[in-house]
Amino acid sequence: MGDISPLDAGTEVPVVEFKDVTVRYPGKGAIRPAVVDVNLTVPKGRFVCVVGPSGCGKSTLLHVCSGLLKVSGGEFRYLGKEWRKLHPGIGYVTQRETLLPWKTVLGNIALPLKITGMPRTERHERAADMAASVGLGDWLNHYPRELSGGMRQRVQLGRTLVTDPTLLLMDEPFGALDAVLRVRMQEFLKSRIEGTDLTTIFVTHDLSEALTLGDEVVAMAGAPGSIDQIDKLEDLPRGVSPVELRQSPAYAVHEARLWKTIAGNLSEDGVALSNPEVEHEGDHAMTAAAHGRRGTS
Amino acid sequence: MTTGTVAPKSASSAAFDTAALRERNQRERWLDLLRIWAIRIAVVVAFCSAWQFASGRIFPVFIVSSPTTVVERFGEFMEGGELLSHLAYTMQACGLGFAIGALIGSTLGLLFGIYESISRVIAPFAAMLYSMPKIMLSPLIVVWVGVDLTMKVFVAAFSCMWVIFYNVWNATRRIDHNLLDQFRLMGANQRQIIVGLYLPSATTWLLTSLRVAFPVALIGAVVGEFVASSQGLGHLALDSGQRYDSAGVIVAVLTITLSAMTIDSVLAAIQRKVALWQGEGARG
């Protein structure tokens, strides 16, 4: 999939571009949008973390990036153009496990290569190399049920990276792991991605995870969601362990700033506060639908 | 309270302990199995003894027969190859019907499950056909295809295909959409999605439904023989019953039951083999 990318080194075309994007999910209950007026540009090689309360549309952004969901308003460009179909060169890792239980570690990692029609020997060689690089070289013939949560996530990551994707989308990939394993997986991910030109958008609830991994943190707010703040993390020390990173003064400053933004947009139940402007638009649309007329979009 | 140091066990001692423990567990498992089988055999022996005692003393012989008469009748049926011939006929009708029903049921289940729009249209019809006692259509099937083997195959196939269809259809409709999205993002075409995702996902349900469907197909074949036949275990049971030969009926019923159990064990073994990736044992 990576060879599909028209983005050559040195070009200025961003990998991802949201311009005034609004997204409504298709279906009957789609009167209220999921996100509104999203503007975001992600250049090549950037690691962007998206944080925000539940229901603010973080995962919706990833769906748009993958092409699984089309925008309802505004403009979305991937590699400089709008696509009618699914976007090529996407690697998508979700919190929910998407390994095939009937395939071994090797079979799971080799799956995307098999789909591209790569000969069996070649794809198994590449998959075995990838398995070794995610630390599962001795587990090639094991089934997912025989692996721990962290190992399964590494298989997912291996399956995603084996195709050399242009854009890596990660939707709370470590959300189900315990604290220690989560830090280990963060270190592992950093070691895999640092030094490459892989562009990554990483959704998380965890501020420390976002500050540890990201080059910048996008804070979303409201329901429907919009981007409230973009925090560039250029002053954070790089090439240090997550534990050391968290002890730096700059880390505390960013954390406090982001926390203030997110906490200010939370309801008492811990979910995103309604966006009053869009609420009005939604009400209007509902009224219009009830009267059998076309609602605002 | 006393305190003291505990000497660390040597590696060979630990290995010995593990081996001894494994051996003890194995021995306990065998003993447990032996106990269960001893109880089972005792139940059968007690039942047969009570039956033998009651036969002719409490109940008339022509109604309940007796174990010794059943064994005698079994011998008679086997002597001329009569029983095996009837068994072969019933199994032929059932096997063919089961294979046809499984093929049609799983194919339709898969297709209808994949295409959501078809599913929405056919849902009430599928529920109606699933609930309908298909056996009741046997007289109509006689009108359509006659009374020979085809009729029994038809009844068996029509009876069992809905069980398989319904299971595969539901399994396919409930496919994990996250997995489907992954396949699509990997660039899989429809054929790759069906072969790589839908078919393996439906396998567990298919194998379970096959085990449920086989006895249904057998009932279909036997009912077909009841309706009109001069061969098969259904015919043998019906014919024996009409002659007040209870032992003959019991021999036919036992033969068909044991055959069904054998085939079920084969299907269970296949299920275990194919679904090796299933089960508990995740490392957390």
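**Briefing: chains A and B of a predicted model**

The structure is a predicted model.

**Spans listed by UniProt in chain B**
- An unreviewed UniProt entry lists residues 33-54, 87-115, 127-147, 153-172, 193-226 and 246-270 of chain B under "transmembrane region".
- Among them, residues 193-226 of chain B are 100% helix and 0% strand.

**The nonpolar core**
- The largest nonpolar core contains 124 residues.
- The residues with the most contacts inside this core are Ala156(B), Cys160(B), Ile164(B), Ala213(B) and Ala217(B).
- Helix H7 of chain B, residues 149-173, gives the most to this core, contributing 17 residues.
- Beyond its neighbours within four places in sequence, Ala217(B) is in contact with Cys94(B), Gly97(B), Phe98(B), Gly101(B), Ala156(B), Ser159(B) and Cys160(B).

- Ala46(B) belongs to helix H1 of chain B, which covers residues 11-54.
- Ala46(B) counts as exposed because it has 10 other C-beta atoms within 10 Å, and the cut-off for exposed is 12 or fewer.
- In sequence, Ala46(B) and Val163(B) are 117 residues apart; in space, their C-alpha atoms are 37 Å apart.

**The sheet in chain A**
- Six strands of chain A form an open sheet with mixed pairing, in the order S5-S6-S7-S3-S8-S9.
- Strand S5 (90-94) and strand S9 (226-232) of chain A are at the edges; each has a single partner strand, so one side of each has no neighbour in the sheet.
- From one strand to the next, the twist averages 15°.
- Strands of a sheet pair through backbone hydrogen bonds, in either a parallel or an antiparallel way.
- S5(A) and strand S6 of chain A (residues 167-171) run parallel and are joined by five bridges.
- Val93(A) is placed opposite Met170(A) in S6(A).

**Confidence in chain A**
- Chain A has a mean pLDDT of 82, and 84% of its residues reach 70 or more.
- Residues 1-10 of chain A have pLDDT under 50, and the model gives this stretch 21 contacts beyond four places in sequence.
- Residues 280-297 of chain A also have pLDDT below 50, with 17 contacts in the model beyond near neighbours in sequence.

Notes: Residues numbered from 1 in each chain as written. Chains lettered and ligands numbered in written order. Predicted model: local features only at pLDDT ≥ 70, side-chain atom pairs only at ≥ 80, totals over all residues. Helix = DSSP H or I, 4+ residues; strand = E, 2+ residues; numbered from the N terminus. Buried ≥ 20, exposed ≤ 12 C-beta atoms within 10 Å, placed from the backbone. pLDDT = per-residue confidence, 0-100. Contact = placed C-beta atoms within 7 Å. UniProt positions renumbered as here; feature names shortened; annotations may be inferred. Pairing = 2+ DSSP bridges. Axes fitted to C-alpha atoms, helices over the stretch in contact; angles between N-to-C directions. Core = buried A, V, L, I, M, F, W, Y, C linked by C-beta atoms within 7 Å.
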